[in-house]
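Grab a pencil and open the viewer. Below are a few exercises on strands and contacts, each with a worked solution.

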Amino acid sequence: MDLFNTIICSFFDLVCLPFADLHPLWGLTTLSVLTGIIMLLVFRVTSDQAAIRNVKKRIKAHFLEIRLFKDDLGLMLEAQKNVLKHNLTYMRHSLKPMLFLLVPVVLIMIHLSLWFDSSPLKKGETAIVKLKFREEAPFNADVSLRVPEGVLLETPPVRIQAEREICWRIKALEKGTYQLEVMLNPGKVTKALVVSDQLARLSAKRVSKNIFQRALYPGEKSLPKNTGIEFIEIKYPSISYHVFGWNIHWLVIFFVVSIAAGFLLKRLFNVEI
Amino acid sequence: MNMQKRTKRNEFTRREILKAMGSAAVAASLGGLDKKVWAKTRPPKVIVLGIDGMDPTLVRHFIKQGKMPNTKKLTEMGGFSPLTTSIPPQSPVAWANFITGMNPGGHGIFDFIHREPETLIPYLSTSRTTPPTKKISLGDWRIPLSSGEVKLLRGGKAFWSILEENGIPATVFKIPSNFPPEESEARTLSGMGTPDLLGTYGTFSYYTVDPPKDFSQMGGGKVFPVEVRDNKVVAHLVGPHNTFRRESPRATIDFTVWIDPLNPAAKIDLQGREIVLKEKEWSDWIVVTFDMIPCLGKVSGILRIYLKELRPSFRLYVSPININPADPALPISTPSGYCKKLVDDLGYFYTQGMPEDTKALSNLVLTDEEYLEQARFVLDERRRFYDYELTRFREGFFFFYFSSLDLNSHMFWRTLDGNHPLYTSQLAKEFGWFIPHLYQQMDAVIGQAMKIMDENTTLMVISDHGFLSFRRGFNLNTWLLNNEYAALDDPLSQEETEFFNNVDWGKTRAYGLGINSLYLNRAHREKHGIISPGSNASALANELAERLTKVKDPLTGEPVISNVYKPENVYTGEFTHRAPDLIIGYNRTYRSSWETILGKYPRDEFVDNHDKWSGDHCMDNVFLPGVLISNRKITATHPALYDLAPSILNLFGIKKSRTMIGTSVFG
C-alpha cells in the first residue's frame with residue numbers, strides 16, 4: 001500500500017507542480033477539467049453507448065407524445081409510464097460506467113485534497129500537532145516532540161488521557177520541508193511539516209497501518225503498528241476559495257467544474273451520456 | 001449644478017481634478033511646466049489623524065523633553081493650537097462636532113447616554129437597534145415578517161459625504177459617532193459606538209473556580225463559576241439574544257478546556273477548533289458562529305481568549321465577542337465589502353468601538369500587566385492598518401483614528417497624578433512610562449504621515465479633548481435628593497435604587513442621567529413630569545445652576561462644578577429642544593460618579609475614585625481643549641472642533657453647508 005501511495009503521489013506531484021506558483025484556484029480548475037475528460041473517456045469505454053443513445057431517443061419520443069396528445073388522458077399516462085420505464089433503463093446502463101468511475105474519481109479526489117484542501121504553514125504561522133493513541137493501545141504520557149531548526153515548539157504537551165491524545169503548538173520560523181520527531185521513549189516516529197508560500201502537497205495526517213486510513217491519507221508512509229499511535233496530525237490552515245464573492249469548498253468547485261467540463265466536451269469526444 | 005455656478009463657488013469635481021492633473025502631467029512631461037506650476041495644478045490632499053484624548057499640555061511637555069520630534073517639526077512647519085472641544089467634552093459629542101461642523105444642538109448627541117423622556121429608559125446616544133415589529137409564531141419559533149433596523153442617531157451630514165458628492169475620494173477609518181456608518185460613497189469603517197455582538201460597548205466573559213464577591217453585579221463583564229473535574233472544564237460562551245425563539249433566550253456555544261495534569265498548558269475545544277495555550281497566553285482571533293435557526297440563520301463573531309491561570313485556581317478570560325468583519329451581523333463599513341477586504345488583506349481585527357478592555361481592568365479581572373498587553377495588541381493592530389491605508393492613500397481625503405491614548409490615559413492617569421487616591425510611587429515606577437510611551441508612538445505615526453506629504457498635502461493632527469485627573473466623584477442625584485429636588489418612595493432603600501426605580505416622581509423636580517446631563521422633570525415631556533414649561537422651568541433651571549456652582553467638596557474646600565450651561569446659550573440647531581435642561585461642567589479632578597450616571601442614589605454626595613479609570617475629560621470643557629497641529633499656518637485665534645469640517649471642505653475648494661457653524665481655521 002505504501003508503495004502504491006508513493007507512486008500515485010509522485011504522479012500527482014508531476015501534474016500539480018506546474019501550478020505551485022499560481023493561486024490554487026487555477027490548478028484546481030485545470031485538474032477538474034482534466035478529471036471531467038477522464039470521466040468522459042472512462043464512461044465511453046465502459047458503457048453501452050448504442051443502448052444509451054437508443055434509450056434517450058425513446059425518452060425524447062415519449063416526451064413528444066405527451067406534448068402532441070395532451071388532450072388524450074390515456075395516451076398521456078401511457079407515455080409517462082414509458083418515460084419512467086426508459087429512465088430506469090437509462091439508469092441501469094449508467095450504473096456500470098459509474099461503478100468503473102468510482103475508484104479513479106475517489107483516488108483523484110484523495111490526491112487533490114493533499115494539494116488543494118489546506119495551505120502550507122507560512123512563516124510566522126502556528127499550528128497544532130496532535131497525536132492520538134489507538135483505543136487498544138496504552139496511553140503513553142511520556143512522549144515528547146522534537147522540532148528541527150526553523151520550527152519553534154511553543155507549548156509543552158497537553159496530555160488528555162480521556163481523549164487518548166497529546167497536543168502541542170508549533171510555530172513556523174523559516175520556509176522548508178521538515179520532519180518533526182515524536183520521541184516515544186523508547187523509539188521515535190516522524191511527521192512531515194511543510195512551511196512555504198507556494199502550493200504544496202501536504203500530509204495533514206500520518207496514520208497507522210489501517211488500510212482504509214492509509215487509502216484516505218496517502219501523503220506519508222504509515223506509522224509502525226507497535227507504536228500504538230492511531231495518527232499524528234498537523235492542523236494546516238484551510239484554503240479559502242472566493243468565487244464571485246462566495247466562499248466555496250474546493251470539493252464543490254471540483255465537482256461543478258469536472259461535471260460541467262464533461263457535459264461541454266461530450267460532443268468533442270463523441271460520448272453519449 | 002452648472003459649470004458657472006461651480007466656478008463661482010470655487011468647487012470642482014473629482015473628474016475635473018483628475019483631468020487637470022492629467023493635462024498638467026502631459027504638459028510637465030513636455031517640459032512646459034516648472035515644479036511650482038506642477039505642484040499648484042495637482043489636486044489637494046488632506047490627511048487628518050484623529051488622536052482621541054491627546055492633551056495639549058502633555059504634547060508641549062513631551063516636545064520640550066524631545067520625546068516628540070516629529071510633532072515638533074510639524075508644529076514648526078505650520079502651527080499648534082489648543083482646540084476648543086464640545087460641551088460637554090465627551091468623545092461621541094466631540095467627534096460628532098467634528099464630523100458635522102455643528103454643535104450638539106445641530107447633531108443631537110448630547111452625552112454618552114440619553115433617555116426616552118416618556119419612559120425614562122436610558123439608551124446609548126449614537127445608535128439604536130430596533131427588532132422586527134411583526135412576527136408570526138410557530139411553536140417556540142418567532143418568524144419575523146420584516147427586518148429589524150439599526151439606526152445612526154447622529155443628525156447632520158458628515159463632511160466626507162459632501163466631499164464624495166463633489167468627487168473627492170475619501171477614506172475614513174474608525175471615526176467615532178458613525179455607527180452604523182452614514183451611507184456614503186466613501187470608504188468608512190465605524191469606530192467608537194460600534195457594539196459587540198451582545199449589543200453592548202463590550203462585555204467580556206470570565207470563567208473561574210473562585211468568582212469574586214458580588215460577581216453578578218460586575219459591570220462590563222459576565223462571570224461564570226466553573227468546576228475543574230479530571231483536568232477538564234466544561235463551560236459555555238454566551239452570545240446574542242436569539243430573537244427567533246420565544247422569549248429571546250441567549251444563543252450559546254459549549255466549549256471544553258482540557259488541562260494538562262502537570263504542564264501549565266491547556267487545549268480549548270470550541271466549535272471544532274482546537275486552541276493550545278500556555279498559562280498567561282493570549283490566543284489569536286477565533287471565529288465563532290451562533291446558530292439562530294438551524295442550518296438557516298447564523299451570527300458570526302470573533303474573540304480572543306486569555307488563559308490567565310490554570311493552578312491553583314482556574315481563570316479564563318474571553319474578550320467581548322466582536323462583530324466578525326468577514327461576515328458582519330450589523331453594518332460596520334461603507335461599502336459593505338470594505339471590512340471584508342481588510343480581513344482578506346490584513347486578517348481579523350477589533351470591530352468593537354472601544355477595543356481596550358478597560359472594564360476588565362477596573363473589575364480586576366485583568367491585572368495592569370495583562371491589560372497593558374491587550375492594549376498593546378490594539379495599538380499594534382491599529383498601526384498595521386494605518387500603514388496599510390497610508391500606503392494606499394493617493395488622492396482626496398484620509399482620516400485615521402487612534403483610540404489608544406484616550407482609553408489608556410483613562411486607565412493609567414493614576415501613574416502620573418501624585419494626588420490620585422490610587423497613586424503609589426511603586427505604581428509610578430512600574431507603569432509611569434506607559435502614557436509617555438504612547439505619546440511617542442503617536443509621534444511616530446505623525447512622522448509616518450509627514451513622510452508621504454508633498455506640497456499639496458495638508459496634514460492635521462487633532463484630538464477631541466485633553467485629559468485631567470479624576471480624583472473625586474460627585475453623586476449628583478444624591479445632592480438633588482439631599483437638597484429636596486428629588487424624593488424617594490422608600491428612603492430606607494436609598495442605596496438599592498437603580499435606574500430611578502425608587503424615585504417618587506410626584507415630588508421630584510430634577511434628575512441626573514448621563515455623565516454631564518441634568519434634566520428637569522417637566523410636565524408633558526417626562527412620564528410623570530411635574531414642572532410646567534415656561535417660567536417655572538426656567539426659574540428652577542436658574543436656581544439649580546446657581547446652587548450647583550456653589551457646591552464645595554468638604555474634603556478639599558474646592559468648588560465641584562465650575563460652570564453650568566443652559567442649552568439655549570450654547571447650542572444651536574434643530575435638536576436643541578432635545579438637549580438636557582442643564583449641562584454640568586465639573587471642576588478639574590471632579591466628575592459625576594459612576595453610580596449617579598444611571599439613576600442611583602448612593603448615601604454620600606462625594607466619593608473617592610478608587611477605580612483604575614483614573615483620568616477623565618467629562619468636566620468643564622474650558623479645562624479640556626484638544627489639539628490642532630498642522631503643516632499649514634493656523635490663522636484662527638480660537639479654533640474649535642466644529643471649525644474643522646468647514647476647514648477641510650475649504651481646502652478642497654468646497655463651500656461649507658448652511659448648517660455648519662464653524663469657519664476655516666486656515667483663513
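This is a predicted model: local features need pLDDT of at least 70, side-chain atom pairs count only at pLDDT 80 or more; totals for chains, interfaces and linings use all residues.

**Exercise 1. Work out the strand order in the open sheet of four strands in chain B, and find which strands are at the edges.**

Step 1: Start with the order. The sheet reads β13-β14-β15-β16 in chain B, and the pairing is antiparallel.

Step 2: Look for strands that pair on one side only. Those are β13 (232-241) and β16 (273-278) of chain B, the edge strands.

Step 3: Check the twist. From one strand to the next, it averages 25°.

Step 4: Zoom in on one pair. β13(B) and β14(B), the latter covering residues 250-259, run antiparallel and are joined by eight bridges. For a landmark, find H236(B), which sits opposite D254(B) in β14(B).

**Exercise 2. Find the salt-bridge partner of D197(A), and say where in the chain the two residues lie.**

Step 1: The partner is K175(A), with the closest N and O atoms 2.9 Å apart. A pair like this counts when a side-chain nitrogen of Lys or Arg is within 4 Å of a carboxyl oxygen of Asp or Glu, so this one qualifies.

Step 2: D197(A) is in the loop between β7 and β8 (205-207) of chain A, and K175(A) is in the loop between β5 (165-172) and β6 of chain A. The two are 22 residues apart, and the pair links distant parts of the chain.

Step 3: Over all chains, the count of salt bridges comes to 50.

**Exercise 3. Describe the interface of chain B and chain A: its area, its charged pairs and the strands that supply it.**

Step 1: Begin with the contacts. On each side, 18 residues take part: 18 of chain B touch 18 of chain A. The buried area is about 1300 Å², and carbon and sulfur atoms give 56% of it.

Step 2: Ask who contributes. W258(B), E274(B) and V276(B) supply 43% of the area that chain B buries against chain A, more than any other three residues.

Step 3: Look at the polar side. There are five salt bridges across this interface, and one to find is K267(B) with E165(A), at 2.4 Å from N to O. Eight residue pairs are in polar contact across the interface.

Step 4: β14, β15 (265-270) and β16 of chain B each supply at least two residues, and the largest share, five residues, comes from β16(B).

Step 5: Sort that side by residue type.

Note on methods. Residues are numbered from 1 along each chain as its sequence is written. Chains are lettered from A and ligands numbered from 1 in the order in which they are written. Side-chain values use heavy atoms; hydrogens and water are left out. Two strands pair if DSSP finds at least two bridges between them. Axes are lines fitted to C-alpha atoms, for helices over the stretch in contact, and angles run from 0 to 180 degrees between N-to-C directions. Contact means heavy atoms within 4.5 Å. Buried area is the accessible area (1.4 Å probe) that two parts lose on being put together, summed over both. A polar contact is a pair of N or O atoms within 3.5 Å; within protein, one must be able to donate a hydrogen and the other to accept it, and residues adjacent in sequence count only if both atoms are side-chain atoms.
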